[in-house]
Amino acid sequence: MNKKIIITMSSLAIIVGIFLAGNVGLKFFFHDYLYETPNLKGLTIKEAKALVGTNFKLVNLGEHYSEFRKGEIYSQLPTSQKHIKKGRPIKIWISKGMDIVILPDLKGKNMQDARVTLSDLGVKVGRISHTMEGYMNNKVIGTDPSEGSLISRGSSVSLLINVSQIKNIRMPDILGLSLGEGVKILRKKKLVLGDIEKVYRNDFPKDTIIDISYPAGKDVLAGSVINITVTAQNEGE
């Protein structure tokens with residue numbers, strides 16, 4: 001009886017050993033160990049490399065202005081606490097800081113030129129208001145804050161635009177068009193291209209317009225800023 005028990009226990013031990021050895025072997029063969037991605041925000045590249053060690057590969061996708069200090073990581077993909085395989089890349093974006101600039105005089109500029117000037121300074125266009133003063137059609141006649149103010153890169157400036165003697169126009173239907181086609185139509189209609197948001201969609205071609213800030217057919221003032229959403233074929237693009 002004891003002999004049977006010993007044989008049975010031995011057989012079970014062998015089966016368990018084979019199972020465990022097989023699973024460990026498969027994991028080593030397929031590199032199937034998952035690691036949790038750390039939170040890299042606020043770290044320098046040197047600090048981030050020391051933290052991830054050999055578990056992950058850091059891929060620097062460029063520098064942009066943000067609320068983080070210059071040289072610090074302000075965004076990452078995958079985000080923290082995601083589980084990915086060892087050796088996979090973590091995409092990071094580095095902050096250029098919140099540098100201070102002097103707001104130039106934008107009065108007399110048209111909307112597009114004002115946007116370009118602010119963009120070159122690293123400043124965004126915020127709220128846009130319209131008034132009818134009887135001169136300078138579709139021109140900037142005021143800003144908030146005012147010219148000469150010290151502002152941080154990455155912050156926003158509100159614009160007051162004159163639209164005297166300009167009639168309402170009908171918002172064109174640009175849904176489903178490519179980004180290039182949509183921009184041409186907006187410019188022809190005297191509308192200004194605003195922010196472009198990209199959303200991952202694999203059921204449309206890249207840069208297809210899938211959303212606009214004003215519905216097609218709605219009456220809008222010439223010179224109005226139109227924000228659009230286009231498709232991206234890669235997540236995080």
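Is Arg115 buried or exposed? With a relative accessibility of 14%, Arg115 counts as buried. Keep that residue in mind, as it turns up in two of the views below. The model shown here is a predicted one.

**Figure 1. The whole chain, before we zoom in.** This protein chain has 4 helices and 15 strands. It runs to 237 residues, and 28% of them count as buried. Take the contacts between residues at least 6 apart in sequence: 71% of these join residues at least 24 apart.

**Figure 2. Helix α3 and what covers it.** This helix spans residues 111-120, and its buried residues are Met111, Ala114, Arg115 and Leu118. Looking down the axis of α3, you'd find these buried residues within an arc of 100°, so they line one face of the helix. Here's the general idea: an α-helix has 3.6 residues a turn, so residues three or four places apart point the same way. Strands β7 (124-131), β8 (139-144), β10 (156-162), β12 (192-200) and β15 (225-232) are included in the cover over the buried residues of α3.

**Figure 3. The two ends of α3.** Where the helix starts, Asn110 has a side-chain oxygen that comes to within 3.2 Å of the backbone nitrogen of Gln112. After the helix comes Gly122, which has a positive phi, near 80°.

Figure 4. Asp195 sits in strand β12 and Arg115 in helix α3, so the pair ties together parts that are 80 residues apart in sequence.

Figure 5. The chain has 4 salt bridges by the count used here, and one of them joins Asp219 to Arg170, with the closest N and O atoms 4.0 Å apart. This pair links distant parts of the chain, 49 residues apart: Asp219 belongs to strand β14 (residues 219-221) and Arg170 to strand β11 (residues 168-170). Asp219 is partly exposed, having a relative accessible area of 45%. Arg170 is exposed, with a value of 57%.

**Figure 6. Arg69 and Glu72.** Here's another salt bridge, with 2.9 Å between the closest N and O atoms of Arg69 and Glu72. Which of these two residues is buried, and which is exposed? Arg69 is exposed, with a relative accessibility of 61%. Glu72, on the other hand, has a relative accessible area of 10% and is buried.

**Figure 7. Helix α4, seen with its strands.** In this helix (residues 179-188), Leu179, Gly182, Val183 and Leu186 are the buried residues. They cover an arc of only 100° around the axis, which puts them on the same side of α4. They pack against β12, β13 and β15. The face turned away from that buried side carries the exposed residues Lys184 and Lys188. Just past the helix, Lys190 has a positive phi of about 65°.

**Figure 8. Thr208 in its loop.** You'll find Thr208 in the loop between β12 and β13 (209-212). Thr208 is buried, at 7% relative accessibility. A polar atom of the Thr208 side chain lies 2.8 Å from the backbone oxygen of Pro205. What does Thr208 contact beyond its neighbours within four places in sequence? The answer is Gly176, Leu177, Thr229, Val230 and Thr231.

**Figure 9. A nonpolar patch on the surface.** Three residues, Ile100, Ile102 and Leu150, form this patch, and together they have about 340 Å² of accessible area. Leu150 is part of strand β9 (residues 150-152). Its relative accessibility is 63%, and anything over 50% is called exposed, so Leu150 counts as exposed.

**Figure 10. Lys85 and Phe56.** Lys85 has its place in strand β4 (residues 83-85), and this residue is partly exposed with a relative accessible area of 31%. From C-alpha to C-alpha, Lys85 and Phe56 are 8.4 Å apart in space, though 29 residues separate them in sequence.

Note on methods:
Residues numbered from 1 in each chain as written. Predicted model: local features only at pLDDT ≥ 70, side-chain atom pairs only at ≥ 80, totals over all residues. Heavy atoms only, no water. Buried < 20%, exposed > 50% of the residue type's maximum accessible area, 1.4 Å probe, protein only. Arc of directions from axis to C-beta. Contact = heavy atoms within 4.5 Å. Polar contact = N/O pair within 3.5 Å; in protein donor to acceptor, adjacent residues only side chain to side chain. Patch = residues over 30% accessible without salt bridge, like charges linked within 9 Å, V, L, I, M, F, W, Y side chains within 5 Å. Areas by Shrake-Rupley, 256 points an atom, 1.4 Å probe, with all protein chains shown as cover. Salt bridge = Lys/Arg side-chain N within 4 Å of Asp/Glu carboxyl O.
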